[in-house]
Amino acid sequence: MSDASYRDAIFSTPLDRVARFSFDEQVVACFPDMIRRSVPGYGQILGMLGLIAGRHLRHGAHVYDLGCSLGAASLALAGQLPPDAFRLTAVDLSPAMVERARETLAAECPEHAIEVIEGDIRALDYRPSGLVILNFTLQFLPPEDREALLARLYAALEPGGVLVLSEKVVDPDERDNAWRVERYHDFKRANGYSELEISQKRTALENVLVPDTLEAHHARLARAGFPRSLTWFQYLNFASLIAFKEA
Ligand SMILES: C[S@@+](CC[C@H](N)C(=O)[O-])C[C@H]1O[C@@H](n2cnc3c(N)ncnc32)[C@H](O)[C@@H]1O
Ligand SMILES: O=C(O)C(=O)C[C@]1(C(=O)O)C=C[C@@H](O)C=C1
């Protein structure tokens, strides 16, 4: 990912009306900085994707990076695996994200077979694939649409295929949840966000990013067909799961 990104100051001045969060030009311009300072463990998760792919991916298999934003997950795979190891389709609904992801991926990994599609991941025809990545994307779909998508992804996965699902999560225990959210706000403060930025971003994300519990994720993955899933990473209220299709 190019470091030519602006510092996220979107919520730094008082707004009369905090609009619903959207992945528009303004967010695209500072997205690498925003996600790095806002998602605990983001860099570690990206770093593990190549290792997971290295272990689970059949040589030359197809990979999907769904809700790719600027293509960081695709870039992480390309940085860790040779060009003939996989072919990849990255998809995002935001035209501004897609435009910049195309530029970045073409410049950074021209040898890899990576295409970037502008589209809705709920409406895509999926081809047989070995790995599907949903890195902080499912949380932005209406909750009622999540299971149907996962069932379609399960159907598209080849035997032995895996799905990596990273999400902001809530704790079913109210006190535990409050502790995690408070420490998450400390994490944001430590990364330079002000009280105003934290509170206005929280308002903007209400009913836009709708998090589930880890229990709800595992139960939904099971209903979608996955016989086995586990949480391989958690840092405060952010987690990553892996779900397996039988070999
Ligand atoms: C938090 S970002 C994902 C970050 C990215 N995966 C990464 O690792 O850097 C969520 C992305 O999902 C995209 N998105 C949300 N709903 C979508 C949908 N229905 N179809 C495709 N993309 C969607 C948004 O446009 C946004 O770019
Ligand atoms: O800032 C927050 O509270 C977040 O939840 C971070 C989060 C995410 O989890 O996707 C929210 C929006 C941006 O896409 C980047 C990161």
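How many nonpolar, polar and charged residues are in the shell around ligand 2? Hi everyone, let's take that one together. There are six nonpolar, one polar and two charged residues; here Ala, Val, Leu, Ile, Met, Phe, Trp, Tyr, Cys and Pro count as nonpolar, Asp, Glu, Lys and Arg as charged, and the others, Gly among them, as polar.

A quick word on the model: it is predicted, so local features need pLDDT of at least 70 and side-chain atom pairs count only at pLDDT 80 or more, while totals for chains, interfaces and linings use all residues. Residues are numbered from 1 along each chain as its sequence is written, with chains lettered from A and ligands numbered from 1 in the order in which they are written.

Back to ligand 2. Its shell includes M34, I35, S38 and K201, where a residue is near if its C-beta atom, placed from the backbone, lies within 6 Å. Helix α1 (25-38) gives the largest share, three residues, and α7 (195-205) supplies at least two. Helices (H or I, at least four residues) and strands (E, at least two) are DSSP runs, numbered from the N terminus.

Now ligand 1. Of the 20 residues around it, G67, A72, L93, S94 and N135 come nearest. Two or more residues come from each of α3 (72-80) and β2 (86-92). This shell has 12 nonpolar, five polar and three charged residues.

Finally, α3 has a packing partner: α2 passes α3 in a right-handed crossing (the near helix is turned clockwise from the far one by less than a right angle). Their contact, with C-beta atoms placed from the backbone within 7 Å, involves residues including L46 and A53 of α2 and A76 and L77 of α3. Thanks, everyone!

Notes:
Two residues are in contact if their C-beta atoms, placed from the backbone, lie within 7 Å.
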